[in-house]
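Please keep the sequence and the 3D view open while reading.

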Amino acid sequence: MNYQETLSWMFNRLPMFQTQGKNALNNKLDNILTFTSALGNPQTKFKSLHIAGTNGKGSSSSMLASILQEAGYKVGLYTSPHLKDFRERIKIDGKEIPEDYVVNFISENKSFLEKHSLSFFEMTVGMAFSYFAEEKVDIAVIEVGLGGRFDSTNIITPEVSLITNISKDHTDILGDTLPKIAFEKAGIIKQNVPVVISEYQEETAPV
């Protein structure tokens, strides 16, 4: 497959939240853990920052990556969604992942991906983590895709976690109250890992 054919194959594995609602959410990390295990657990081979929240997580991720790059680090950046090209999701020092890497990664793992029915998001996270590990980044800034607790990115043990803010989003999937949504976002908080909460709200602070 060429690059466009590879993307078409990947996008056909998108979960259809718009039509399936919460049923499209896997609610477990088994698939991504199985995949990264087969890849040699690349997520353990670089340091990371983990960013969740309703709004501002993309801009926060980009700003943090820029700051770290200016400080002299080799920085991976994983964000979603993209605007024009899939490769915008995976960058090192501001440069997008090469088309050849995308094509080769899917080609080499296609039978595994099909056998285990991995989603677009799961295979994309596996690709990003493998790319960052192979390119030996000093640190990667990882943006959560949806929620946090069961997001495919939530297999890392970051240096710091950041939750930008909590407001109502994807209520059919994450819950219909701010505390319920906060619970899902708070799923990226890990024992002995510092967490920054950028916006204090009485309703979500206890969570």
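## Strand S2 and its partners

Strands S2 and S5 run parallel and are joined by 4 bridges, where two strands are said to pair if DSSP finds at least two bridges between them. Helices (H or I, at least four residues) and strands (E, at least two) are DSSP runs, numbered from the N terminus. Within this pairing, Tyr78 stands opposite Ile142 in S5. S2 also pairs with S3, in the antiparallel sense and over 3 bridges, and there Leu77 stands opposite Lys91 in S3.

In a regular strand the side chains alternate between the two faces of the sheet. In S2, which covers residues 75-78, Val75 and Leu77 point one way while Gly76 and Tyr78 point the other way, and all are buried; buried means under 20% relative accessible area, exposed over 50%, and partly exposed in between, with a 1.4 Å probe and protein chains only.

## How the model is read

This is a predicted model, in which local features need pLDDT of at least 70 and side-chain atom pairs count only at pLDDT 80 or more, while totals for chains, interfaces and linings use all residues. Residues are numbered from 1 along each chain as its sequence is written, and side-chain values use heavy atoms, with hydrogens and water left out.

## The nonpolar cores

A nonpolar core is a set of buried Ala, Val, Leu, Ile, Met, Phe, Trp, Tyr and Cys residues joined through side-chain atoms within 4.5 Å. The largest one has 34 residues, of which Met10, Phe86, Ile90, Met127 and Phe132 touch the most other members. Among the elements that give two or more residues to this core are helix H1 (3-11), helix H5 (99-115) and strand S3 (90-92), and H6 gives the most, with 9 residues. A second, separate core of 9 residues includes Leu49, Ile51, Leu77 and Ile139.

Not counting residues up to four places away in sequence, Phe132 touches several residues, including Leu77, Tyr78, Lys91 and Ile142.

## The whole chain and its surface

The chain has 8 helices and 7 strands, and buried residues make up 50% of its 207 residues. Of the contacts (heavy atoms within 4.5 Å) with a separation of 6 or more, 76% are between residues 24 or more positions apart.

Which residue lies in the loop between helix H8 (178-185) and strand S7 (195-197)? That residue is Ile189, which counts as partly exposed because its relative accessibility is 38%.
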